[in-house]
Amino acid sequence: MIQCPNCGGGLKFDISSQQLKCESCSSLFDPYSVNYGSGAEESTEYDVTIFRCPQCGGEIVSTDETAAAFCSYCGASNYLESRISKEKKPELIIPFKKTKKDCIDAYAGFMKRAIFAPNVYRSSGLADSFRGIYMPYWLYDMSQRGGIAVRSSTSHRSGDYIITDHYRLSGNIDNYYNGVSYDASSSFADDISTEIAPFNVKDITGFSPSFLSGFYGDIADVGAETYRDTASELAQEATYNYLMKSTPIKGNGLEDSKESIKNKIRTNVNVVRSAMFPVWFMSYRQKDRVAYATINGQTGRVSADLPVSIPKYFVCAAIIAAVLFLILQMFVTLTPDILMVAISVVALISVILYNYEMGKILAKENYEDDKGMQDRMERKRQERLRAQQGATFSQDNAAGQGAYVITENDMKQSVYRNTKKKTKVKKKNGVHFGLVMFIVFVVFMLMPLSLDVGSALLAGLGIDKICGFVALAVLIVAVLVTGMAGKKIKMMKAEKHFSSTIFTVIAMVLVMVVSFWDPPQDIIYYTVAVVSMICVSVNLIDLMASYNYIAMRPLPQFDMYRGGDDRGN
């Protein structure tokens, strides 16, 4: 606790005045004028109290002597351990500019637009649980200097000839990018950090532990090297866009590819500085998943993980469907054959969306877009392997007979990484399986339609047969997607056992059979239609549940603090 020089009361950073305010006598002090410990301002370290949550392993720091009553990441109400530590002092800090009231108002405005969000997310009590946390960031100052040359060409017609002129455009670059920021906490997901960005560095100032008084702070556990290449790529992309829009190159046909031009832009990272940025943080926990709402403590920009209320969504969908049904009835007669085609279209959309959502779940579970967490997980994995290597090699190291003990989680990660590499190779070579599947579907769709327009009509091919071919095409796609989704589910940590697109496969089998059969009674058509829509609805409901699953994240650092050796012990 920082004591007031006048009365000895506790000093807290007051956002409105941007000064330290005494809780007892309301005196105001400049954050840099207060003596925070002996020699703390002169050293490169400062004393903090570190709390580790037993539920999620998240670590937060406090400069106060009082223990916190909750975890700001998962909402747990106690801590496994607290310890006094010396942490490397950040160089810079952006103080909080938005008060808690500003934070709650911004969140309320955001929720007004989230009409399908569950009611629990609109609770005023939930909004009151926002807490201010200073998140660690790395700031990169970069420069780009030197010459650059690109090949260009222009063409024009002269009589019967097309004349192409080739040019070599050259110039000098002298660019500077200062304060490009990336979060330095593995607990703070990169997508959240991106969504509440940017922070305006005009408010940045020298760090003092006084700014932390009354707030929490996270510990930097991601190295500066993690985002160095990402920052360089961002600078190269920005310079490339400028060259294409604001220089004589604009409007010319370039013979060099975008990547080759970007590679010619030499980018140097000159300085890397550490900083703390303000974030208002709220968590909503359900079992081993947590949803976050975060607000930029400087600008008020909001980011939130919002699951969808399935009842709300289906009520709204039912109302829209009823209105569309009434409108279509005025212009189109809903025959059994048209109903079969409509079911096939809905089924096709459902299986494609389902496979897409499974891919997103797998990517989120493996932190594919979170370099900070990937860096920490890899370091933890290497530490575990080294520890296992030491135990395994204790007797056999001299003979060279030892081996690493690879965990089940390591094998899943390896399979996933190999799968991603193969997918990237396929995309690079233009042989992506999804494209092949789409071509097959188009062929199956266009073939019966072309036959219906041409000679097939003379041969007696009716609309019911065309519906059967459409159902067959969708069935083939559904079977392929079921296999693809099943492989993704096997690599997931989620407690899912099979792909719900199986129900869509069943629906398409029923539609195909009844279409080729062409029963005389319409009641058979409508019965199959009802059963098929129930099957497709099951697929859609599971799709919504899957969306809600990825809307809530794994507990921060959860995989790193399970204990044992990750083999179920």
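User: Which residue stands opposite L20 in β3?

Analyst: F29 in β3 stands opposite L20. This is a predicted model, in which local features need pLDDT of at least 70 and side-chain atom pairs count only at pLDDT 80 or more, while totals for chains, interfaces and linings use all residues. Residues are numbered from 1 along each chain as its sequence is written, and side-chain values use heavy atoms, with hydrogens and water left out.

User: What makes β2 and β3 paired strands?

Analyst: Strands are DSSP runs of E with at least two residues, and helices are runs of H or I with at least four, both numbered from the N terminus. Two strands pair if DSSP finds at least two bridges between them. Strand β2 (residues 19-22) is joined to β3 by 2 bridges, so the two count as paired; they run antiparallel.

User: Why are β1 and β3 said to stand at the edges?

Analyst: The open sheet has 3 strands in the order β1-β2-β3, with antiparallel pairing. β1 (11-14) and β3 (28-29) each have a single partner strand, so one side of each lacks a neighbour in the sheet.

User: How do you know that the length of α13 fits a helix?

Analyst: The expected span is 1.5 Å times one less than the number of residues. For the 17 residues of α13 (residues 501-517) that gives 24 Å, and the end C-alpha atoms are 24 Å apart, which agrees. Its buried residues include V505, M508 and M512. D518 follows α13 and has a positive phi, near 55°.

User: Where is confidence lowest?

Analyst: Helix α11 (residues 455-458) is lowest, with a mean pLDDT (the predictor's confidence in each residue, from 0 to 100) of 42. Over residues 442-460 the pLDDT is below 50, and this stretch has 14 contacts (heavy atoms within 4.5 Å) beyond near neighbours in sequence. Where pLDDT is low, the predicted coordinates should not be read in detail.

Terms used:
Buried < 20%, exposed > 50% of the residue type's maximum accessible area, 1.4 Å probe, protein only.
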